[in-house]
Amino acid sequence: MNLLYNSINSNIEQTVDREKVFEELIGLNLRTVAIAAKNKLDPDYNNIDNNELKKLAKELGVDEITLFAKTNDDIIGVRSSDPKEINVSSKGWDTIYVAFHQLFKLQEVNVGMGQTLPNYWSCPIDTSTTNQSEINKWGYYYDGTTNYIINPFLHKKNFQDYQEITRIEEAIQRLMKGNSPTILEVSILNSNTFLGRVLPGNNPTPSSWFSEREVFFGSYQLRDPREKEYASLSMVNDEMVFYIAEVNGKSVMKSFAPIPTDYLKYNPSGSVPLIQITSDYTEINKLLNKQLMNTVWFMGVCTLVALAIMGSILWIFKRNKKLALLNVQDAYVGNIEMLFQSVREQRHDFINHIQTIHAFLTLKRYDDLQKYTNSLVGEIRIINDLININDPALIALMQAKLTQAESLHILCEYEFKHMDQLKLSPIKATDVVKILSNLIDNAFDATMELKAEDRNVKVIGDVVNNQFRFTIRNTGPTIPEKWLEHIFESGFSSKTNGRNSGLGLHIVKQLIIRYKGTIQVKSSKGITEFVITLSLF
């Protein structure tokens, strides 16, 4: 109904603009006719014959010409080409009567409507008093050289001709047809007449005139007792109002809305017209129920699609979680197996150590015994330091790397602080193992280019302010500065032996980005250092 209102209002706005131009052009033409008639007529109406006006009207191309003159208390038609206009009184013509007096006083007509030109005024197209089936356009001219006002005018055969000019009726019928069977009635109402408002003025406009009709355009047959209440409400609030009513046993929805306009054609002290739309409430409910069902179906399909997407995401998440857990498990199993292997070897060595200690005691070689036990205490300290790391995977990794370093003749040192505070989830622990394993392997590879006595790798670990910080430092060739910004790229390798894929540092970088950590690298004077910082949360 809002769309219909906007469409009708748009039609009216366009029609008003066209009609204004149309009427002003006719008004200019009627003034020209009036001046031409003045030049051909005697200045005293007593010397003019009605037949003379009939011939003059035909000659000048207008339908009729009437001459209005003053009497004692009225202004009447004294001569006319139309017999019905003779002796017609203008006293009840409200605004027109006021305009007549202003013309006779040679004043500029100022009545708030119509077209004012020098010595001339033209009122809007309206109903004829003498023939209410006609719609006329009048012009009135008086320059003081005659004792009468010259009134040439044009008329159309009937009211429908005027509606054809405006095209509003056609627009209403087209809109109703396009919205059938929902829309029952559309009408443009004269709000003053519809609401029974009495406008100020000494001579009220005749109720038979088009300007006083209740329904300007369309039809309004489906009446109800509350219509004026809601019409007044729409005028007061300057907005469309809706309500449900029962009319002739039919449930209808009605709306009233004022037409916003600054151009009040017929009475400047009046109110704007109203657009009234009546719809079949049963048909509206059918449309709403249909729309509701479509919406329910749409929402149902969307819900199913959403559930399918969520199910797919959940399946992918569980699958990835399962793969991650398998990855963790593989890492743990591999590293723990290496730890167990190391423990088995140490158990075997432990038996040999007991036998050796027993032999030293039997031979009472106490000095040799002290030297031997000192070396054993060093190995025990290493194991205790590793046990203090609060993560089995890291323990296994360090034990495996120490064993690997020994086999490669690399001096691998370590320094751990606050590692009892280390708390990592299984997945994160696996990724940390991947990072450290890749970096330590790279450090081992770098030292292998040196002599055995120069091969040094040091691993430093610390937990500070809920951050896990690791440093891997090694001797070896200095990395050129131009390579430092490329070493984390996939496939980049400084090795020329063809055994390195160039993926290790790229994997390290991606894992650190995943956990929003940082990695720094420095290389100078044969020392290369990687520093990694990761949040424990």
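The structure holds 13 aromatic pairs. It is a predicted model. A pair of aromatic rings is described by the distance of the centres and the angle of the planes. Two of the pairs are set out here.

| Pair | Ring centres | Ring planes | Class |
|---|---|---|---|
| Phe100 and Tyr140 | 4.8 Å apart | at 70 degrees | edge-to-face |
| Tyr243 and Phe256 | 6.4 Å apart | at 10 degrees | stacked |

Take Phe100 and Tyr140. The angle between their planes is 70 degrees, over the 60 needed, so the pair counts as edge-to-face. Phe100 belongs to helix H3 (residues 95-104), while Tyr140 belongs to strand S7 (residues 140-141). The pair therefore ties together parts that lie 40 residues apart in sequence. Phe100 is buried, at 0% relative accessibility. Tyr140 is buried as well, with a relative accessible area of 1%.

Next come Tyr243 and Phe256. Their planes stand at 10 degrees, so this pair is stacked. Tyr243 sits in strand S11 (residues 241-247) and Phe256 in strand S12 (residues 250-258). The two residues are 13 apart, and their pair links distant parts of the chain. Both are buried. Tyr243 and Phe256 also belong to one aromatic cluster, together with Phe194, Tyr220 and Tyr230.

A ring can also face a charge. Lys509 lies over the face of Phe488, 5.4 Å from the ring centre.

Last, Tyr515. This residue is in the loop between helix H13 (504-514) and strand S17 (518-524). Its relative accessibility is 19%, and buried means under 20%, so Tyr515 counts as buried. From Tyr515 to Leu536 is 21 residues in sequence and 9.4 Å in space, C-alpha to C-alpha.

Conventions:
Residues numbered from 1 in each chain as written. Predicted model: local features only at pLDDT ≥ 70, side-chain atom pairs only at ≥ 80, totals over all residues. Heavy atoms only, no water. Helix = DSSP H or I, 4+ residues; strand = E, 2+ residues; numbered from the N terminus. Buried < 20%, exposed > 50% of the residue type's maximum accessible area, 1.4 Å probe, protein only. Phe/Tyr/Trp six-rings, centres within 6.5 Å; stacked < 30°, edge-to-face > 60°. Lys NZ or Arg CZ within 6 Å of the ring centre and 35° of its normal.
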